[in-house]
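Hi,

Here is the structure I wanted to pass on to you. Please have a look at it first; my notes follow below.

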Amino acid sequence: MNDICRLGIIGVGQRGLAFVRMALNTPGVELTALCDKSASRLREFAAQSNCTHVPQYTDMEEMLNRAAIDAVVITVPDFMHAEAATAALRHGKHIMLEKPMAPTVAECRQILAARTDKSRIIQLGFVLREHPVYCKAREVVSSGRLGQIMSVAADESIGVMHGASYMRRWHRKVANSGGFVLAKCSHDLDILYWIIGSKPVKVASFGDCDFFRPEKQRATHCSCCPDQSCRFRFQGEMVVMTEQEKSAPAGNNFDLCVYNSDKDVVDNQVVI
């Protein structure tokens, strides 16, 4: 790659905008393209991020064909990872692909098969591997000071609104996310494998949706719900919305009731 990496970003939701801001403040990186299916979202968030000078595209193929980019950051929903990643690789771009790689094994293999030029980098967004705490843990384990590792216990207990967001966003459908453990805990699984240095041979798992049950639902969306004291009432958390979307969050199901029946994701799961 050149001394300057020309970067394009596909998807300007919450995670995409975080990358936009980092790119604008990282030496050696030039943000040269933004892509999202919503033109109004692109305009509004480009203005908020002080990057209205960056070319904007609502068509991914057009961006890959026309924009001056060396690499792309892909932050679209998980079920769109394979489509975006294979397109970028087909156009000879390096990619930084948010975790998880894809919801299915077949889609992961599809992405790998698209890298016909082996010099192209596929970087997954397992950022915890760069965290000082986990780097130190790996150093200690690798040193042998702890002896032979026989068992590791890990518990992922997420905050109230963070957990609730998975019940109302696109993650609520297993077909979109691959399931709760993959969507939320791929970080955990990766960091365990990375620290211990061994791969699982057998896996057993069970889980269910025991708390966010539809019989508790009082309204379809928070904006029309009479229960003002509900602890899961939508406050705009975990999403980035345009001003128009903020005025009518039910329009795109942003404030869908967490007790909705339109989900098949679990709210608790154990993996051995």
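**Strands and sheet**

In S5, Met-96 is the bridge partner of Val-73. This is a predicted model, in which local features need pLDDT of at least 70 and side-chain atom pairs count only at pLDDT 80 or more, while totals for chains, interfaces and linings use all residues. Residues are numbered from 1 along each chain as its sequence is written, and side-chain values use heavy atoms, with hydrogens and water left out.

Helices (H or I, at least four residues) and strands (E, at least two) are DSSP runs, numbered from the N terminus. Two strands pair if DSSP finds at least two bridges between them.

Val-73 belongs to strand S4 (residues 71–74), which runs parallel to strand S5 (residues 94–97) and is joined to S5 by four bridges.

The whole open sheet has six strands, all paired in parallel, in the order S3-S2-S1-S4-S5-S6. Strand S3 (56–57) and strand S6 (122–124) are at the edges with a single partner strand each, so one side of each has no neighbour in the sheet.

A crossover is right-handed if, with the strands pointing away from the viewer, the path from the first strand over the helix to the second runs clockwise. S4, helix H4 (residues 81–90) and S5 form a right-handed β-α-β unit, and the crossover from S5 through H5 to S6 is a right-handed β-α-β one as well.

**Burial and cores**

Buried means under 20% relative accessible area, exposed over 50% and partly exposed in between, with a 1.4 Å probe and protein chains only. S4 is covered on both faces: Ala-71 and Val-73 on one side are buried, and so are Val-72 and Ile-74 on the other. S5 has His-94 and Met-96 pointing one way and Ile-95 and Leu-97 the other way, and all of them are buried.

A nonpolar core is a set of buried Ala, Val, Leu, Ile, Met, Phe, Trp, Tyr and Cys residues joined through side-chain atoms within 4.5 Å. The largest has 25 residues, of which Met-63, Leu-64, Val-72, Ile-74, Ile-95 and Ile-111 touch the most other members. Two or more residues come from each of strand S2 (29–35), helix H3 (60–66), S4, H4, S5 and helix H5 (105–114), and H4 gives the most, with six. Apart from this core lies another of 18 residues, among them Ile-9, Phe-19, Leu-34 and Phe-45.

What does Val-72 touch beyond its neighbours within four places in sequence? Counting contact as heavy atoms within 4.5 Å, the partners are Leu-7, Gly-8, Met-63, Leu-64, Ala-88, His-94, Ile-95 and Met-96.

**Rings and charges**

Rings of Phe, Tyr and Trp (its six-membered ring) pair if their centres lie within 6.5 Å; planes under 30 degrees apart count as stacked, over 60 as edge-to-face and the rest as tilted. There are eight such aromatic pairs. In one of them, Tyr-166 and Phe-180 have ring centres 5.2 Å apart and planes at 75°, so the pair is edge-to-face. It links helix H7 (residues 160–168) to helix H9 (residues 180–196), with the two residues 14 apart in the chain. Tyr-166 is buried at 6% relative accessibility, and Phe-180 is buried at 15%.

A charge sits over a ring if NZ of Lys or CZ of Arg is within 6 Å of the ring centre and within 35 degrees of the ring normal. Arg-169 does this over Tyr-166, 5.3 Å from the ring centre.

**Backbone points**

Most residues other than glycine have a negative phi, and most peptide bonds are trans. Lys-99 and Pro-100 are joined by a cis peptide bond, with omega about -10°; Pro-100 lies in the loop between S5 and H5. Met-238, though not a glycine, has a positive phi of about 70° and is partly exposed at 23% relative accessibility.

Best wishes
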